[in-house]
Each structure stands twice: as structure tokens, then as C-alpha cells.
Amino acid sequence: MMKKFLLVVCGSFVGVTLALTVFVFSAIIFSVVLVSMGDKSGTTVVSDHSILHLDLNGVIEERGGKNNLDFVAMLQGDDTKKVGLNTMVEAIKKAKDDEKIDGIYIECGGVAAEPATLMAVRRALVDFKKSGKFIYSYAHEGYAQGDYYLASVADSMFLNPVGAVDVHGLVSANTYPKPLLDKLGVEMQVVRVGTFKSAVEPYMVNEMSDANRLQKEVYLGSIWNSMVEGMAASRKISTEKFNQMADSVMVTWPADSFVKNKLVDKLCYRNEFEDRLKKLTNVDADKDLNLVTPSQLAGDLDAEQSGSGKIAVLYAVGEIDGQVSPMGSNDGINSEVIAETVRELIDDEDVAALVLRVNSPGGSAFGSEQMWKALDDFKKSGKPFVVSMGDYAASGGYYISCGADRIFAEPTTITGSIGIFGMIPCTQELMENKLGINTYVVKTNENADMGLTSKRLTPVQYNAMQNMVNLGYEQFTKHCADGRHVTQDSIKVIAEGRVWDGATAQKIGLVDELGGLEAAIKWAAKKANLGDDYVTQNYPAPVNEFENMMEQYMVSKYESRMQGEMGFLYEYHKMIQRILGRQHVLCLMEETVIK
């Protein structure tokens, strides 16, 4: 038996070693190929009569890297495309002024992006149209809602004769795992401040509260109205008519109905559409279209910029000190890295201003405070500090934003959620009555056992936790009041953990202006008296690409194996792991995906 065990272990070791060797060798070759592509700046040489090709068959991330090829995904046969929002917007901006770019081709295939990200791209497309160059869109299988929101800007929209348009409105769905936890014998002991602080609600009750439903109805309605106004105006349809069609399950319509109702302009097959583009750009029928990708046109946006008059663009993306995978990777905001970077920018004489790009639902209250302090020190240094909000800047995301000289947000940004909570799991029922495991403690002091998940909090311990959360809320609201130059009481009226859309947030004073990252940068430049003579530099510095690929590969292999073994239960497993892995006191909004 031992011999067989050793043979299995040795065989597994050899297999893993060979796999890693192949991966490392392939990665080295791949890196060499990347270096050899393009010119030194990373920008592709564009030929005459080229078309910027926006392939909406993938994910629009907040920040693109030096290249947008996902080597790990390629090895695993995953064809999901990823492009940075900054890469896409910069490419559209360059295409507007590049004489060799004749127009833009939007290929629709089910883009994955939140409303604020889509709005930033759409704004860039609307600005591009001022050049007089064409924008054409085509959907082979159909226009998903995100696709349609962007493609409606086009001069002409084309659809496959058997394709469809699926515009249906917005929905936010949240799971409530309390019944499952009750069956398992796990109690989530919750302390919170804020009637609307709904991040903990799924662990307290079995159904959505009236307060949570109200806030969702308000911000979803506002976001949808912003989107409908844009789509309806571009297609010259009234908003009332557009909403009626969205309510009609239009995805089931025959294709010619989309033309009749002015949702698209023409039905044609892909080759017919491409022939049309060839004629439009003077390309011979037997030649390929001169298509340029956003990453090729934008170049390396993280390249080092030298000289004074520099505006630092600092990206704070993801959960604050959270989302740690079982393999150790952290896909969110490392508060120590952000705070350290800010302090380096204070001492950098070339940096004239800071624009903090926030796309975060919040996270660790402690981490939020450390970043707030570093940013407050930056502001006190006399350099302008501006915030640009992306899809989310809520709870801890607003905590780090509130002290800025100026706050910019998209009308569709999710922000606010000024509240704080603590959540301590108790497995006493699971351990004692489900598994038959008893825990006995010997302690020198009354509350020495506080924090043991196998024991329920005593009333004294619970009250102590509530008091700590109350103090955290007072500190949070005071930071907001000082940063927004209002009274703390006025902040508390709009706080209570309530989530707001960007347009409403501007009306109630949580946001100063509606606009994207470029508007925030221009304001910072003006505030720093730089005029048009400035450069931007992205921070933090990109991680080592090879190390990042290795880490991604190991994490993806682990997750693939776990998902294969657990099936649909893997998502609930990850949810529980996140709960157990987080700090006890959080500034975090509920997990919300708007679709």
C-alpha cells in the first residue's frame, strides 16, 4: 500500500513538474514574441484606409495592460477577450484625429460591462462622430443590451437576417443564503449602522427588506432612464415608445420587425456587411479589411512619462483588502500599496496633481482609513486631488473619495452606501448539534474567548462590537462632512448605508460633476495651472507580467478543479470562503451585478 502511495505521489509530482516546465517555456517564447511586436512605443503602424475594430465579444476591464492578450486563457482554450476601458477610450480618441483611420466598426457579440463603463465608451463614440468619420455596427447573432447601448451611436446598424435585438431593462438580483446557513447550523452575528446597509441583510433575513427594495428601485430607475434617453435619441425614437418595445420581449420578434421599428437599419449577412465596408474604405473586394484593434492603436498606456507637469492617475479597483483566493492572489485593492504609492507621489516633484480612479464596492474599514489618511496628506501638500468614479465608488470606495477637491462620476455610477458593519460567524450549532464536536475553553479573563467561531458572542461582547461599529460610523460620516464641507448631521441624513446612482448623488451633494476620467484629468490640470502642457502617468506600476501569468495559471487550475468537483455548489463555496476570509468590520456594499 505504501509503495503504491509513493508511486502515485511521484507520478503526480512528475506530471505537475512537466506541466509547469511547458508553461514556463511557452511563456518565455510568448514574452519574446510580444516584445518583438510593434514599435518601441508599443503602437502599431497604421496603414491607409484602416478601421478601428471594437470587438464587443468579451469583457471591458477598468485598466488595460501593456497588451491585452491573456496567455493563461489562451493555454486553457478560453477565447474570452478582455480590453481595458482606458485602452478603448484612448483608441477612439486617437482614431478621431488619425487621418489613416476612416471610421469605426463595432462588432457586437455580448459585451460584459457595467452601465458606467458602457457610458464612458459611448461618450467617446459620440465625440468621435464630430470628426465626420463613419461608425457602423454589425451583430451576427444579435445585439445584447450592452451592445445595443453602444452601437445605437452608429450611423448605421446592421443585423443578421436571423439575428435579434435584446433590450429588456435592468435587473439586480441578490441571493439570500440565511436559510441555507440555518440548515448548516451557521449563525452570522451582525452588527451594523444604517437602515439601508444591505450588505449584511442576506445573512439576517430570508427576504429583501422594504428599505433595500426602495433604494434599488430608485437607483436602477435612474440608471435605466439615462440609458434609454441615449438609445432613444440616437435612434430617433421616443423614450415612451422605446420602453414599450423593451417591455415586449423583443428578442422573440422576427428580424424584419427590428427594421420596421427603427431599432436597426438593415438586415444583411456578415460577408455582405464586410463588402459594404470595403467599398466605403476603397479596399479591393478580394482583399481583407484593414482592421486595427484598440490595443494596437492606443499603445502602451503604462509607459513611463518623464518631465514635470505630470498628473498621476491612481487606479483603486476591486474590493479593499478582499477577494483573496485560496491560492493567495488578491484581485482587489491592496490598501498598503495604494497608501505607499500616494506618499511617494507627495514627494515626487514632477507630480503636479492626483486623479484617483475609483471602481470599488468598498471592503476593509481599516484599509479604507489608511488610504484616506494618505490621500488627506496628499491634499494637505497643496497639490490638487481629484476623484473619478467608475462603475462603483460605494462604502469604502466613497470613504477614500470623500476628501477630494472635486468628485466626478458617471450618471450611472453606484456610489454612497455610507455605513459600516461587522459580521462574525458562529458555528456552535454546526459543531455541537450537526457534527457532534464539543468545544471547551479555559480562560484567564472574561472575554478571552471572544472571536472563537465555535462560541456565540455574549451580550457584553456583542455590545462592545456594536459600539466599535458605531464609532467607525461616526468617523466615516465626519470624514464625509469635512470633505464635502457640510455638517455631519446633513451627511447622516443621506447616509444610513443608502446606495445612490451618480446623477442623484450629484443632486444631494455627494458628487460635484458628471463626467468621466478625462474630465477629471482636465479639471486637475486646470487646478494645477498646467494648461494643456501636461502628461499623465498611471499608478500603481504594473505587476511583473511573467509572475502574474504564473499566479493566474495556478489559481485558474485550482478553481477549475474545484468547480469540476463541486459543480454549481462552487459559487456558494466561494461565497462562504469570502465571508470567512474577510475582516470583521467592513465598509462594503452588497454584492450587486446590474444586468
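Helices α7 and α8 are roughly perpendicular to each other. That label covers angles of 65 to 115 degrees; under 35 counts as roughly parallel, over 145 as roughly antiparallel, and the rest as oblique. Helix α7 spans residues 210-234 and helix α8 spans residues 239-246. They pack at an angle of about 110°, with their axes 9 Å apart. An axis here is a line fitted to C-alpha atoms, for helices over the stretch in contact, and angles run from 0 to 180 degrees between N-to-C directions. Helices (H or I, at least four residues) and strands (E, at least two) are DSSP runs, numbered from the N terminus.

This is a predicted model: local features need pLDDT of at least 70, side-chain atom pairs count only at pLDDT 80 or more, and totals for chains, interfaces and linings use all residues. Residues are numbered from 1 along each chain as its sequence is written, and side-chain values use heavy atoms, with hydrogens and water left out.

Which residues of α7 and α8 make the contact? From α7 come Trp 224, Val 228, Glu 229, Met 231 and Ala 232. From α8 come Thr 239, Phe 242, Asn 243 and Ala 246. Contact means heavy atoms within 4.5 Å. These residues divide into 6 nonpolar, 2 polar and 1 charged. Ala, Val, Leu, Ile, Met, Phe, Trp, Tyr, Cys and Pro count as nonpolar; Asp, Glu, Lys and Arg count as charged; the others, Gly among them, are polar.

Now turn to another helix pair. The axes of α3 (residues 85-97) and α4 (residues 115-128) come within 9 Å and cross at roughly 5°. That makes α3 roughly parallel to α4. On the α3 side, the contact includes Leu 85, Met 88, Val 89 and Ile 92. On the α4 side, Ala 120, Val 121, Leu 125 and Phe 128 are among the residues taking part. The contact of α3 with α4 has 10 nonpolar, 1 polar and 2 charged residues.

Next come the loops. His 49 sits between α1 (2-36) and β1 (50-56). Its phi is positive, about 55°, although His 49 is not a glycine. Is His 49 buried, partly exposed or exposed? His 49 is partly exposed, at 32% relative accessible area. Buried means under 20%, exposed over 50%, and partly exposed in between (1.4 Å probe, protein chains only).

Asn 282 lies in the loop between α10 (270-280) and β11 (291-292). Asn 282 is not a glycine either, yet has a positive phi of about 55°. At 61% relative accessibility, Asn 282 counts as exposed.

The peptide bond from Tyr 539 to Pro 540 is cis, with omega near -10°.
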